[in-house]
Amino acid sequence: MAKKRPQTKAAKAQLKDGPIPVVGAREPCPCGSGRRYKACHGRAAAHAVTELVQRPFEGLAGECDWVALRELVPAATAELTLKDGLPEGVPSVTLATVLPMAWPALRRDDGSVLLALQNDTSSGDLSRDLADTLRRALTAEPGNPVAAQRVPADGPRLQDLLDPDAAFTPVVHSGFEFWVPDAQNASAEVTASLERANAAAIPTALLSGTDAAYWCETPEKNHLRWVMPYPEEKLLDALARLHAAGTSSLGEGTRLVGSFRAHGLTVPVWDLPSTMGAEECEKPAAEFAERLTAALAVDAPLTGDERRARGGLTNRQVTLS
């Protein structure tokens with residue numbers, strides 16, 4: 001049998017004050033304990049990085065729209081307002097659903113910053129991942145994308161960087177031309193990526209009369225996907241009451257078919273006729289919002305029909321994140 005390696009004392013005094021630098025998991029911990037980083041200070045850091053945050057956008061203005069742009073909308077942008085104002089040389093910061101070549105962020109030639117929302121991230125806190133990318137983009141050399149990297153466990157979140165009182169106003173685009181100010185002079189690689197992205201984009205529109213309700217067009221039928229801020233159980237009860245009463249649709253030929261779960265919020269989904277465009281959804285959606293508000297205020301137990309309706313809606317839930 002192999003002999004056990006005798007334990008030795010740390011070669012240097014342990015660091016008791018100040019932050020412990022992040023190193024490779026199998027490297028000696030910088031604190032001087034003599035143990036590997038993953039078995040020492042890296043253990044808490046790894047837990048903080050991987051722990052899932054159910055509502056990463058909670059506390060941000062427009063939380064429902066953040067969820068929609070992350071999960072449902074192909075091409076959209078929104079101007080971001082920083083708490084401390086824009087740094088010198090950065091004329092604007094814009095959130096984008098996706099960027100060419102799946103870049104996490106881009107510092108344009110003019111110094112402006114584009115931050116991508118739909119990229120894969122390494123930790124369980126999407127807000128912290130995006131905040132780290134944003135901070136690095138603000139200081140990147142103009143004309144360069146920002147690469148993905150491991151995020152510090154104690155780094156800031158979007159809630160620490162963005163002004164909570166500033167409006168969050170998404171702009172939905174028909175394509176991804178917002179990627180480049182001058183598409184005619186874009187590189188061949190960016191042009192090819194732009195063409196592929198435009199070909200795959202589903203036509204989408206944001207309703208103007210309701211919050212975070214997005215119409216989209218597919219070959220067979222259209223849909224309305226509405227991100228709602230209410231607690232899931234309370235919302236499902238209210239939807240069940242309306243469904244059992246026959247008032248959960250948006251008019252003739254429409255049907256509430258289920259919902260998504262995404263980043264801690266619930267997204268009811270309606271099937272619409274292919275002839276029903278976004279403008280035709282405005283009035284029935286506003287009327288439905290009034291019915292839903294009344295149903296949310298009811299505290300009485302569900303009836304038998306309402307319980308069955310709720311069971312059907314629950315069985316047709318799909319978790320996106």
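Helices here are DSSP runs of H or I with at least four residues, strands are runs of E with at least two, and both are numbered from the N terminus. In this predicted model, the chain has eight helices and twelve strands. Of its 321 residues, 45% count as buried. Among the contacts in the chain with a separation of 6 or more, 61% are accounted for by residues 24 or more positions apart.

One part of the architecture is an open sheet of six strands, in the order 5-3-4-2-1-6, and its pairing is mixed. The edges of this sheet are taken by strand 5 (144–146) and strand 6 (171–172), each of which has a single partner strand, so one side of each is left without a neighbour in the sheet. Within the sheet, strand 1 (residues 76–79) and strand 2 (residues 93–96) pair in the antiparallel sense over three bridges, and the bridge partner of Glu 79 in strand 2 is Thr 94. Helix 3 (residues 126–138) lies across strand 2, strand 3 (105–107), strand 4 (113–116) and strand 5, and runs at about 160° to strand 4.

A further open sheet is formed by six strands in the order 7-8-9-11-10-12, again with mixed pairing. Here strand 7 (204–206) and strand 12 (317–319) stand at the edges; each has a single partner strand, so one side of each is left without a neighbour in the sheet. Neighbouring strands of this sheet are turned against each other by 25° on average, with direction ignored.

The hairpin of strand 7 and strand 8 has six residues between the strands, and in it Ala 212 takes a positive phi near 55°.

Strand 8 and strand 9 (222–226) also run antiparallel, joined by five bridges, and a hairpin connects them through four residues.

How many residues of strand 8 are buried? Four of its five residues are, so strand 8 is largely enclosed by the rest of the structure. In strand 9, five of the five residues are buried, so strand 9 too is largely enclosed by the rest of the structure. Asn 222, Leu 224 and Trp 226 point one way from strand 9, whereas His 223 and Arg 225 point the other way, and all of these residues are buried.

Helix 7 packs on this sheet, where it touches strand 7, strand 8, strand 9 and strand 11 (265–272), and its direction makes about 40° with that of strand 9. Helix 7 (residues 278–296) also packs with helix 6 (residues 232–244), at an angle of about 115° and with the axes 9 Å apart. Since angles of 65 to 115 degrees count as roughly perpendicular, that makes helix 6 roughly perpendicular to helix 7. The crossing of helix 6 and helix 7 is right-handed. Helix 6 contributes Lys 234, Leu 235, Ala 238, Leu 239, Arg 241 and Leu 242 to the contact, and helix 7 contributes Phe 288, Arg 291, Leu 292, Ala 295 and Leu 296. By class, this contact of helix 6 with helix 7 comprises eight nonpolar, no polar and three charged residues.

Finally, Arg 307 lies in helix 8 (residues 304–315). With a relative accessible area of 54%, Arg 307 is exposed, because residues over 50% are counted in that class. The C-alpha atoms of Arg 307 and Ala 240 are separated by 7.1 Å, although the two residues are 67 residues apart along the chain.

Technical notes
Residues are numbered from 1 along each chain as its sequence is written. This is a predicted model: local features need pLDDT of at least 70, side-chain atom pairs count only at pLDDT 80 or more; totals for chains, interfaces and linings use all residues. Side-chain values use heavy atoms; hydrogens and water are left out. Axes are lines fitted to C-alpha atoms, for helices over the stretch in contact, and angles run from 0 to 180 degrees between N-to-C directions. Angles under 35 degrees count as roughly parallel, over 145 as roughly antiparallel, 65 to 115 as roughly perpendicular and the rest as oblique. A crossing is left-handed if the near helix is turned anticlockwise from the far one by less than a right angle, and right-handed if clockwise. Contact means heavy atoms within 4.5 Å. Ala, Val, Leu, Ile, Met, Phe, Trp, Tyr, Cys and Pro count as nonpolar, Asp, Glu, Lys and Arg as charged, and the others, Gly among them, as polar. Two strands pair if DSSP finds at least two bridges between them. Buried means under 20% relative accessible area, exposed over 50%, partly exposed in between (1.4 Å probe, protein chains only).
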